Amino acid sequence: MGSDKILPSHVVANGHASLDSGHARLRELGYKQELKRDLSVISNFAFSFSIISVLTGVTTLYNTGLNYGGPVSFVYGWFIASAFTMIVALSMAEICSSYPTSGGLYYWSAKLAGPGWAPFASWITGWFNIVGQWAVTTSVDFSLAQLIQVIILLSTGGKNGGGYEASKYVVIAFHGGILLLHGIINSLPISLLSFLGQLAAIWNVLGVFVLMIVIPSVATERASAKFVFTHFNTENSDGISSRPYIFLLGLLMSQYTLTGFDASAHMTEETKDADRNGPKGIISAVGISIVVGWVYILGITFAVTDILFLLSGDNDAGGYAIAEVFYLAFKKRYGHGTGGIICLVIVAVAIFFCGMSSVTSNSRMAYAFSRDGAMPLSSLWHKVNKQEVPIYAVWLSVFISFCMALTSLGSIVAFEAMVSIATIGLYIAYALPIFFRVTLAKKHFIHGPFNLGRYGVIVGWVAVLWVLTISILFSLPVSYPITIETLNYTPVAVGCLLILVVAYWIISGRRWFKGPITNI
């Protein structure tokens with residue numbers, strides 16, 4: 001790797017005053033500073049950390065983990081997914097240090113693929129990134145709407161006590177209301193959003209520690225350490241008996257949770273010394289989430305004693321496993337489940353913050369992508385208001401996330417396919433610039449202040465192969481026999497997205513999209 005060059009981390013602009021290193025690097029890359037550069041490394045970390053949000057991912061997919069492998073799948077699957085996710089994050093952090101712009105992944109692809117491939121590389125990466133991000137916002141806010149439905153059900157007596165069960169139309173109305181709030185919050189100046197982002201990070205950490213201590217302490221029946229660390233659940237109603245296969249399907253919970261850390265890259269144009277602090281944000285968000293997530297999984301799993309009952313649609317929470325764990329723990333000890341409902345509200349607030357940060361990240365990606373002319377009506381989406389907020393991009397993200405959730409009214413299977421784009425679509429967008437970094441740009445990649453030195457290429461290849469592995473894994477059947485209702489539509493959804501993006505490129509995009517456009 002002797003041919004690699006290293007960028008200066010402090011640049012003097014025009015021979016006069018010394019600029020912030022991130023601002024200076026942005027100018028070198030050919031962009032004006034249009035967004036307000038006001039975020040510290042803590043704020044940058046907070047946005048990614050609250051989008052990863054272990055309380056959100058683990059809570060909403062705990063049923064999947066219980067069904068496919070149970071405790072063993074959680075406890076050990078989490079470490080496998082975590083180790084490889086950290087490798088992906090390290091590779092992304094290295095590229096982020098060299099190119100700290102709001103465009104993030106698609107800009108990296110353009111720069112790393114070389115002049116010949118740049119337009120197509122950035123087009124594919126950008127569309128997978130933005131659609132994946134919209135799918136993340138959709139799934140996060142929809143899971144909050146579902147949790148609110150469960151909280152109302154338990155508060156009014158539970159499923160077996162005549163509690164109120166909201167229809168799918170009420171759930172979609174909740175979803176719309178949550179998105180509306182997120183749009184309003186994201187229209188505020190970045191300094192306020194920065195404060196809320198830090199509050200979200202604190203809430204996520206404290207929430208995890210409160211729940212992991214309170215739930216097992218209150219529970220009258222606790223699982224043994226042997227159960228938590230060695231019990232492998234092979235009893236599922238999906239006709240799957242192969243233990244390795246069940247374990248691999250159980251990885252979905254961990255991998256879905258550890259998603260969204262590209263937010264640190266999208267916030268770099270608003271982060272001080274972004275060529276250093278952007279990479280720090282990515283790595284610390286993933287690292288701290290790994291530790292906090294495992295602690296949360298352990299704490300909750302010690303309160304699990306009857307997996308089949310928790311997954312049964314006939315329990316008070318209607319089959320929402322974590323809600324039933326919380327509710328039962330308090331009900332068995334105190335005769336009522338109020339404490340459990342309060343614990344669910346702690347999770348709901350974390351999910352609300354997660355969705356809020358997700359819209360922030362979406363809007364920055366839409367702003368940058370439209371600044372380079374890649375989206376229909378691009379001139380509108382990259383306008384910023386007096387507070388230097390890309391206001392139209394914020395409301396575009398809110399609108400599309402609402403439309404994506406409307407599929408749940410027709411078919412929950414179609415909605416689940418949409419959500420699968422959140423994991424696979426985003427990870428494909430993560431892998432593409434890394435792939436170009438280790439192939440086309442192997443000889444001429446210019447390091448930023450944060451770099452992996454001679455290990456950069458090896459780490460990059462491992463990251464690319466892991467994304468390829470999970471893309472295949474999450475496209476496998478999750479239920480047998482395979483019918484229209486049980487088919488895993490993930491490959492169909494991702495395949496349709498790929499066909500649409502490539503068709504749009506062939507019919508129209510290749511004539512006018514030239515990749516990132518400098519504006520200085």
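Me: How much space lies in the largest cavity?
Reply: Rolling a probe the size of a water molecule over the atoms shows where empty space is left. In this predicted model, about 100 Å³ of space lies in the largest cavity. A cavity is a set of points, on a 1 Å grid over the protein atoms alone, where a 1.4 Å probe fits but cannot get out, and lining residues have an atom within 4 Å of a point; the points are joined across faces, edges and corners, and a volume is the space filled by probe spheres set on them.

Me: Which residues line the largest cavity?
Reply: Its lining includes I51, I52, S53, T56 and G57, and also V136, V140, Y256 and A422. The elements giving two or more residues to this lining are α2 (41-52), α3, α6 and α10, where helices are DSSP runs (H or I, at least four residues) numbered from the N terminus. By class the lining divides into 7 nonpolar, 5 polar and no charged residues, with Ala, Val, Leu, Ile, Met, Phe, Trp, Tyr, Cys and Pro counted as nonpolar, Asp, Glu, Lys and Arg as charged, and the others, Gly among them, as polar.

Me: What volume does the largest pocket have?
Reply: A pocket, in contrast to a cavity, is an open set of points with protein on both sides within 12 Å along at least five of seven lines. The largest pocket here has a volume of about 1,700 Å³ and is lined by 50 residues, of which T60, L61, T64, I412 and E416 lie nearest its centre. Helix α19 supplies the largest share of that lining, 9 residues, and the lining as a whole has 24 nonpolar, 20 polar and 6 charged residues.

Me: Which conventions should I keep in mind?
Reply: Residues are numbered from 1 along each chain as its sequence is written, and side-chain values use heavy atoms, with hydrogens and water left out. Because the model is predicted, local features need pLDDT of at least 70 and side-chain atom pairs count only at pLDDT 80 or more, whereas totals for chains, interfaces and linings use all residues.
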